[in-house]
Amino acid sequence: MCEPRYFDVQYAINPWMSRGAPVDTARARLQWQTLVDAYRAHGHAVETVKPVAGLPDMVFAANAALVLGGRVFGSSFHAPERRPESAEYESWFKAAGHDVHHPESLCEGEGDLVPAGGLILAGTGFRTSRAAHAEVQEFFGVPTIGLQLVDPYFYHLDTALFALDDTGGAAGAAIAYYPGAFSAGSREVLERLFPRAVLATRDDAMAFGLNSVSDGRHVFIAPQATHLIDQLIHEGYVPVPVDLSEFHKAGGGIKCCTQEVRS
């Protein structure tokens with residue numbers, strides 16, 4: 001994770017962002033720290049990357065890479081404003097002892113790459129290119145399933161879908177997603193692969209309820225996604241509501257702020 005010391009809305013690269021929109025930086029720091037504390041209270045280790053002045057979106061650590069099996073596939077950002085973030089995160093991973101593959105194609109890390117059921121679900125349409133999907137599959141040797149995003153409010157896959165658990169292969173794994181974020185063909189793919197999926201409403205998705213992190217039991221989730229929270233409780237999960245609404249002004253939430261280091 002990366003402290004939001006310099007978090008601000010200085011440009012507009014998605015529909016959530018309004019250039020010059022007022023940001024309560026003190027509130028953002030408090031919300032971010034609450035998320036850190038929640039992770040640690042539930043037994044998760046949290047390491048931090050030093051923020052850099054002039055990179056207001058560096059707080060959205062998920063976009064920096066996909067880490068799977070201890071291997072790091074870095075990022076190549078679509079927006080010029082965010083491209084310097086890649087080098088900062090690559091330096092952190094290398095200092096931690098990891099080799100980092102820098103993608104040849106546009107790819108925004110866990111923003112568009114979600115491991116689930118022995119697969120990598122890969123979003124495209126707004127940020128990550130289809131060419132990156134092939135590059136990801138070749139690097140990890142994991143089947144990579146392309147999914148077409150069609151609603152600009154859900155410009156990254158992690159705003160429209162998250163993995164609840166990763167057990168039993170694709171047929172046994174559980175995900176939650178908002179069908180309206182995807183093309184018709186991609187919805188059919190998800191229905192075939194994940195018959196146990198929890199389907200979210202547009203209200204859930206617009207509340208950043210799908211920008212969540214699950215450890216297989218606890219789901220760290222936006223408290224505003226009330227319908228989705230009720231569904232998760234019914235399915236036996238334990239929601240851990242954490243309000244990151246200040247970050248919604250930049251189109252981010254819990255998952256955006258969280259890079260999962262999978263050993």
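**Close-up 1. Strands β4 and β5 pair in the antiparallel sense over four bridges.** Two strands are said to pair if DSSP finds at least two bridges between them, and the strands (E, at least two residues) and helices (H or I, at least four residues) are DSSP runs numbered from the N terminus. The model is a predicted one, in which local features need pLDDT of at least 70 and side-chain atom pairs count only at pLDDT 80 or more, while totals for chains, interfaces and linings use all residues. Residues are numbered from 1 along each chain as its sequence is written, and side-chain values use heavy atoms, with hydrogens and water left out. Ala116 has Leu119 of β5 as its bridge partner, and the two strands form a hairpin with two residues between them, where Gly117 in the turn has a positive phi of about 60°.

**Close-up 2. Strand β5 (residues 119-124) is mostly covered, with six of its six residues buried.** Buried here means under 20% relative accessible area, against over 50% for exposed and in between for partly exposed, with a 1.4 Å probe and protein chains only. In a regular strand the side chains alternate between the two faces of the sheet. From β5, Leu119, Leu121 and Gly123 point one way, whereas Ile120, Ala122 and Thr124 point the other way, and all are buried.

**Close-up 3. β5, helix α3 (residues 130-140) and β6 make a right-handed β-α-β unit.** Right-handed means that, with the strands pointing away from the viewer, the path from the first strand over the helix to the second runs clockwise. β5 and β6 (residues 144-148) pair in the parallel sense over five bridges, and Gly123 stands opposite Leu147 in β6.

**Close-up 4. Three strands form an open sheet of mixed pairing in the order β7-β8-β9.** The edge strands, each pairing on one side only, are β7 and β9 (198-199). Strand β8 (residues 174-177) pairs with β9 in the parallel sense over two bridges, and Ala176 stands opposite Val198 in β9.

**Close-up 5. The largest pocket is lined by 36 residues, of which Val213, Gln259, Glu260, Val261 and Arg262 lie nearest its centre.** On a 1 Å grid over the protein atoms alone, a pocket is an open set of points where a 1.4 Å probe fits, with protein on both sides within 12 Å along at least five of seven lines, and lining residues have an atom within 4 Å of a point. β7 gives the most to the lining of this pocket, with five residues.
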